[in-house]
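Good morning, everyone. Please look at the model on the screen while I walk you through a few of its details.

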Amino acid sequence: MTFDIQKIRNCFPQLKSDGYHYLDSAATSLTPAKVIDAVDEYYRDYRANVHRALFSEAVTATDKYEEARRKAAQFIHAKSAEEIIITSGATESSNILVRTLEESGVLKEGGDPTVMTERASIVTTEMEHHSALVPLQQLAKRTKLELKYIPLKDFGLDYAVAEKLITEKTALVSVILASNVTGTINDVEKIADMAHKVGAIVVVDATAAAGHVPLDVRKLDVDALYFSGHKMMAPTGVGILWVKKPLLEKLEPSSFGGHMISSVEKDGAEWAPIPERFEAGTKNIGGMIGLGAAIDHLEEVGVENIHEYVSEIASYAMTKLESIPGVSVLAEHDAKKNAGVVSFVCDFAHPHDVAEILARDRVAVRPGHHCAEVLHAALEVKATTRASFHLYNTKEDVDALVASLEKARAIFQ
Amino acid sequence: MDPLYQEHILEHYRHPHNRGRLEDFDVKHKGVNVSCGDDLTLYLKWGLPAEGSAQERGTVLKDIAFEGFGCAISQSGASMLSDKVKGMTKEAIRVFEPADMYALYGTTISPAREKCALLALHTLKEALGK
Ligand SMILES: Cc1ncc(COP(=O)(O)O)c(C=O)c1O
């Protein structure tokens, strides 16, 4: 693999200043100039709302916007762009999806109408981000479906327990592809296989995986998958919800307004075709065009190559961190199965204090529960310090992290 | 010396005063720093002071203890504040302000750490109403 790190770093304006060690990509990635330019161009040259209007700016905006939708479809190997719903991010995707699955009645019969049993449970994992988990908890409350958790086993999932939890009574299985805390890349194919054997719908949160793990919805064989643009070099405020066409066609919209209708009369409205039916209101057009450019950037380098490169840095980080007395790494240690996230705890200091000392050395990490409190409870810690890596990071960033942590140890011990 | 983690702050963090729980308490109240999930539980025992006229006496904080999980700033703050308010009247505690809390730290608290620094005080103020 040829990975010209200097060339890559030069693409990111924020890395211009020396001595900045950005280790918070799991919160949001940096933006390459190409993406900034694409967004800038939209606002400077052809800003217009999309669809219907006939002036050339609107036509260009629509073309670029729809081109970005097609790129998103290709990025995850979706069958067609019709399956791509543009949202404001993973959180909105998750909320829309859960609502529409509930309101369309498909949870009752599961994903497969030929398997007709009394569906009584939702299965998820202890690893979920709050944006996936809380909508499921609310759904469970409203529908009286029981919410069950696949537990952790080391830093991965316990597939033997998953096998027991996923039964003919399961309506929905929601699983995170890569953890934003431990970095663990889960075997979603295996979970999907268990779920489909009993006719349950499979939903995947790919937010921490996007840009780190090649996404192939057909290979994963799942029913719905979502992610945010801002974790994969695109601007904030834009995200994707993919739903497999046969399921999508059965779903009722849960949000109403302009753009999602084909006609409105006094006594009711007819819905637009998929996917517009699920896209009420004006979306983040510039953001979506930026997402298209971000996908170009990722694909130029190659997601596979990014994973290989980032794995090496993550592996180096884990070894270095574990050589510091009092530091425990809470992350998937097999770097090939880690999406570039290394969380840790220090017996000498609280994550907030660690992050404060690190910040003085321009080492940007994140303390806290990273919107995954159930996962932290399973790991038996309240909070962790998280270092997360992307294609622009280097071993020097890790060295700076380690040197700064040694300073923290000297202060607090 | 570190600008934030000064010796007296670290001392309170390493060897906190009034840490633990009270067996005999009037109020138990838990406060949470929603930004990081840290929590702090206060135990308060109210009583009458030994001296002074009945009107002046009011209710005083006879004893206080805290437990919880948090950073050096929130934990040392709970330790320093508990020392400070022990023996104070309810009225005096009511008018104890964030500025007074910062004075206990004796150093500049950045906006990012305000919630940590004020966790104990906010929890105490909430507990006053109980
Ligand atoms: C795994 C995972 N899922 C979902 C989200 C939510 O993303 P957003 O805040 O962009 O909606 C995040 C972001 O923190 C995440 O890491």
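By class, which residues make up the shell around the ligand? Three are nonpolar, seven are polar and two are charged. Here Ala, Val, Leu, Ile, Met, Phe, Trp, Tyr, Cys and Pro count as nonpolar, Asp, Glu, Lys and Arg as charged, and the others, Gly among them, as polar.

A word on the basis. This is a predicted model, where local features need pLDDT of at least 70, side-chain atom pairs count only at pLDDT 80 or more, and totals for chains, interfaces and linings use all residues. Residues are numbered from 1 along each chain as its sequence is written, chains are lettered from A and ligands numbered from 1 in the order in which they are written, and side-chain values use heavy atoms, without hydrogens or water.

Back to the ligand. Among the residues around it are His129(A), Asp205(A) and His230(A); each has a heavy atom within 4 Å of the ligand. Thr91(A) places a polar side-chain atom 2.5 Å from a ligand oxygen. For Lys231(A), a side-chain N or O atom is 2.5 Å from an oxygen atom of the ligand.

Now the backbone. Most residues other than glycine have a negative phi, and most peptide bonds are trans. From Ile274(A) to Pro275(A), the peptide bond is cis, with omega near -5°. Asp221(A) is not a glycine, yet its phi is positive, near 55°. Asn18(B), also not a glycine, has a positive phi of about 60°.

Technical notes:
A polar contact is a pair of N or O atoms within 3.5 Å; within protein, one must be able to donate a hydrogen and the other to accept it, and residues adjacent in sequence count only if both atoms are side-chain atoms.
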